Amino acid sequence: MKLKKALFILLFFPFIMLGQVSNSVSGKIIDHYTKESLANVEVSVTKNKILIKTSSSGSFKISKLQKGENTLFFFLKGYQIVKIPVQITDSSIVNLGIIRLEKEIFEDIDKGFILLNDEDIMNAENGNSDNITGILSSSKSNFQKTVAFQFSSTFFKLRGLDSRHQNISLNGIEMNKFYNGRPIWSNWGGLNDATRNQIFTSGLSFNKMCFGGINGSLNINTFAANYTKSTKVSLASSNRNYQGRLMASYFSGIQKNGWAYAFSASYRFAKEGFFEGSVYKANSFFTSISKKLNKKHSLHITGIYAENQRGKSSPNTQEIYDLKNIKYNAYWGKQDGKIRNSRIKSVNEPLFILSHVFDINKTSTLQTNLSYQFGEITNSRLDYGGSQFVINEDNSLSIIGGGTNPDPTYYQKLPSYFLRNSQNPDYDKAYLAEQDFLKNGQLNWNNLYAANKNTGYSVYALYEDVNENKQLSINSVFNKKLKTNFNLDVSILYKKLYSENYAKMLDLLGGSGFLDVDNYSETVDEAQNDLQNPNRIINEKDKFKYNYELHANKIEGFSQLRYDSRKIAAFVSTQISNSKFQRNGLYENGRFPGDSSLGKSEPLSFLDFGIKGGFTYKFTGRHILKANTAYLTQAPTLQNSFSNSRENNDVVINLTSEKIWLSEVNYFYRSKILNAGLSVYFSDIKDATHLSFYYADGLTGINFAETTAFVQEIMTGINQQNMGAEASLTLQVTPSLQLNGVAAIGQSIYANNPNLYLTSDDFTKPLQFGKSYLKNYHISNGPQQAFSMGITYNDPKYWWLNFAVNYFNNAYINVAPILRTNNFYLDNDGIPLEDYNEEVAKNMLKQESFNPYYLINVVGGKSWKVNNYYIGFFAVVNNILNKEIKTGGFEQSRNANYKTLLEDKSREKPIFGPKYWYGYGTTFYASVYVRM
């Protein structure tokens, strides 16, 4: 009997023990290059909410995982995050062996400097520039990082879409503005250390907090509890936007009493950036406090103050660049030996966010956020319309005055103006104008002061356009794991904006006062900017010209169901929103008397919805196929809702929400040696609206004698299509050597002929021009083809170097829609021009394509560990061959018909040729930091 029992135990003991053993995953983590073991690496399994740290030997072991596919995340500050999928059964015992973590080579890159952001935009009002780096640099995708770090300086737009199609959030609060739909990155500029905790979703991928933008989403988390304990000080120098930067940060980490603190501050400055006269000054402060109240509740408070002032730089005609150089800027001149820029953009909008996180149970979380933002965005400029009243013989009043345009590039001051008559060019005056421009060619502040002194009143004055904003936002986000493989996300958002917009007098330039009238108006009453307070004399700091309020609010709901299994993942998202806008005029404009300008406008309301879905099939752990699609409507922005909000209450005719449909298909291959990706996309945006302002010559429909006016051009029913392919390849040749390749091939075009009409205080009703024949013209959004080849070397001794060659093509000028309407071939009386030549017209209206170009960039760094201090050095040189490249430009709309345009283009030097922006020449950035 005893023998039988012994044999039974001997034979079946292994199977009995196997039935009792739970599953487990183990391994060891080392530095990819030094091969040293890495301790305190966070190893997490989100599916099981497991979090452990590696031992001093770098080893770890996790037991009792849920069956099915699990994803392990490995995180250590200063290293790239690694995630590994593992298939688990009841009895799985998985040893992953050696896992190598690579250093995060972009740790100290200053996104506010070496990359394009809103501080780089030379003329943001024209819409030719956009921020792509802020959202893409947080991504781990080789393609998106290359776009961020290599393509950004060329005004490249990812998939042809601008930043209003990217959703940016701070702690879950949407930061995209009501006014133009775009985030203002200066609101947290200079706070790189404080804004590093980011979650990025590309394209139409799902976002757990909101529906997201159609071109990606980014949530920046600033909870003090999420920062690892550290102190860091850094110094930087450059020749691009700012010349110097000092930044310091302190993060306490979570203390035993549940408190955590985070502080960061920076100062950036430049007497002059790469472009002449581009002064720069910025102060940024950040603080965050977290308190874990108990196991379920925590509070988080964030405060951000980021004040930024920068001098703008001007777009110029090629004639001006040929006389000067690509650094030339018409907006500045010297006063008392110091640079003074007349066009300063200032952003100062403090932000406070209060967040409450409620971990309801192991499967449910509720986060509620309340934010309040207030402050000003200002843009300064010169006014040369200072006037005075004179009494006529019949005792009536007349307005006289006004000065010449002080802009040194004003067309009547350039050589081309004196050569305008091809039959009798004035070469002497052209030569004198050329020599004067070469010798001087900048704003003459002393002349402005002298002119004001001679008249006794201010003919010239410096003022600023002010947007004074107050916005309240509140949202709640609920995330719940429903059952195996399913998750539910729900959120609701409400935000309300009060915005007062006015002009404020900054400097009378030595004069005694400024008469608040429009000296181009025909009568004294019409000239009044405010009939409620006629004939006002303005002093410094007074409001004048225009004053109105904009009110906006939006309520938005979002829901999403996600499914994830070993082979298949899918999601479906829906959103519904209601946006309301209204203007309230505080001045009664003399050109638009009564309720046309004073009081409340017609209220606007837009009910919008969206639905998107995605499907992922995992052939193996290495081969993944994804497909996403979406259809949504989107309310117009405040900017595009009122045709001339500074002067009247007029709403854009036939204003409606945009209709957007888009799809994308992505394929990814991943292995230890090779990572590759290929994406194709298509987007169709209908019923878009665009406004622009300019002085036009050659208009029909005003009256027989008048053909010129300062106008507002409103284009509605715009259909824009974007399509293309994206590819990336990363080859790990050796543990130290990596090759990268990226290609973006796209096409962005007008897919229809939108409607166009003009408004102006020079005519009583809108001038309807019907269609603007833009179909198949390219949209001006930077190069539509971009390629990059790079090589990166990471030395085991903690230095690294990256060399990249980039090629750009298919960049187009922004065409003038008015030139593509019926007005172009009509005479003053509305009858077609007799000498109109269709072939000549076709040639003149052909869209200009900029020359392709190469850019070579080099970046490198070195880090040291000295006792408990980490010291790092980082440097980059962009465009090392100093290539002069056109990055954008626009046709001037002044010559609005065939006759005037042909006359100008026939000249040796056109007077109203296109205006361009040139990119940076060779620029550098260098930074050193100490972290402890």
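In the predicted model, helix 3, which spans residues 142-151, is largely enclosed by the rest of the structure, because ten of its ten residues are buried.

The largest cavity is lined by 30 residues, of which R164, E174, K554, E556 and Q634 lie nearest its centre. In composition, the lining divides into ten nonpolar, 13 polar and seven charged residues. At least two lining residues are supplied by each of strand 29 (543-564), strand 30 (568-585), strand 32 (604-618) and strand 33 (623-634), and it is strand 30 that gives the most, with five residues.

Side chains of opposite charge can pair when their charged atoms come close. The count of salt bridges comes to 28. One of them joins E556 to K554, with the closest N and O atoms 3.5 Å apart; both E556 and K554 are buried, and both are among the residues that lie nearest the centre of the largest cavity. R164, also listed among the residues nearest that centre, forms a salt bridge with D162, for which the closest N and O atoms are 3.7 Å apart. The two partners fall on either side of the 20% limit below which a residue is called buried: D162 is buried, with a relative accessible area of 14%, whereas R164 is partly exposed, with a relative accessible area of 21%. This pair belongs to a network of salt bridges in which D162, R164, R182 and E658 are linked. A further salt bridge is formed between the side chains of D904 and R907, with an N to O distance of 2.7 Å, and here D904 and R907 are both buried.

Towards the end of the numbered strands, an open sheet of three strands has the order 17-45-44, with antiparallel pairing. Its edge strands are strand 17 (316-317) and strand 44 (886-890), each of which pairs on one side only. Strand 17 is joined by two bridges to strand 45 (residues 915-918), and these strands run antiparallel; within this arrangement, N316 stands opposite Y916 of strand 45. Strand 45 is also the place of W917, which is buried, with a relative accessible area of 2%. The C-alpha atoms of W917 and S234 are separated by 32 Å, and the two residues are 683 residues apart along the chain.

The loop between strand 44 and helix 10 (898-905) holds N897, a residue that is buried, with a relative accessible area of 4%. Not counting residues up to four places away in sequence, N897 touches D697, G698, N823, F824 and L826.

I377, in strand 22 (residues 364-383), is buried, with a relative accessible area of 10%. When its neighbours within four places in sequence are left aside, I377 is in contact with I184, with K345, S346, V347 and E349, and with D465, V466, N467 and N469. I377 and W661 are 284 residues apart in sequence, and their C-alpha atoms are 33 Å apart in space.

V233, by contrast, is partly exposed, with a relative accessible area of 38%, and lies in strand 12 (residues 230-238). Its contacts, again leaving aside neighbours within four places in sequence, are with L246, M247 and A248 and with V928, Y929 and V930. The C-alpha atoms of V233 and G610, which are 377 residues apart along the chain, are separated by 45 Å.

How values were computed:
Residues numbered from 1 in each chain as written. Predicted model: local features only at pLDDT ≥ 70, side-chain atom pairs only at ≥ 80, totals over all residues. Heavy atoms only, no water. Pairing = 2+ DSSP bridges. Helix = DSSP H or I, 4+ residues; strand = E, 2+ residues; numbered from the N terminus. Buried < 20%, exposed > 50% of the residue type's maximum accessible area, 1.4 Å probe, protein only. 1 Å grid on protein atoms, 1.4 Å probe; cavity = no way out; pocket = protein on both sides within 12 Å on 5 of 7 lines; lining within 4 Å. Nonpolar A, V, L, I, M, F, W, Y, C, P; charged D, E, K, R; others polar. Salt bridge = Lys/Arg side-chain N within 4 Å of Asp/Glu carboxyl O. Contact = heavy atoms within 4.5 Å.
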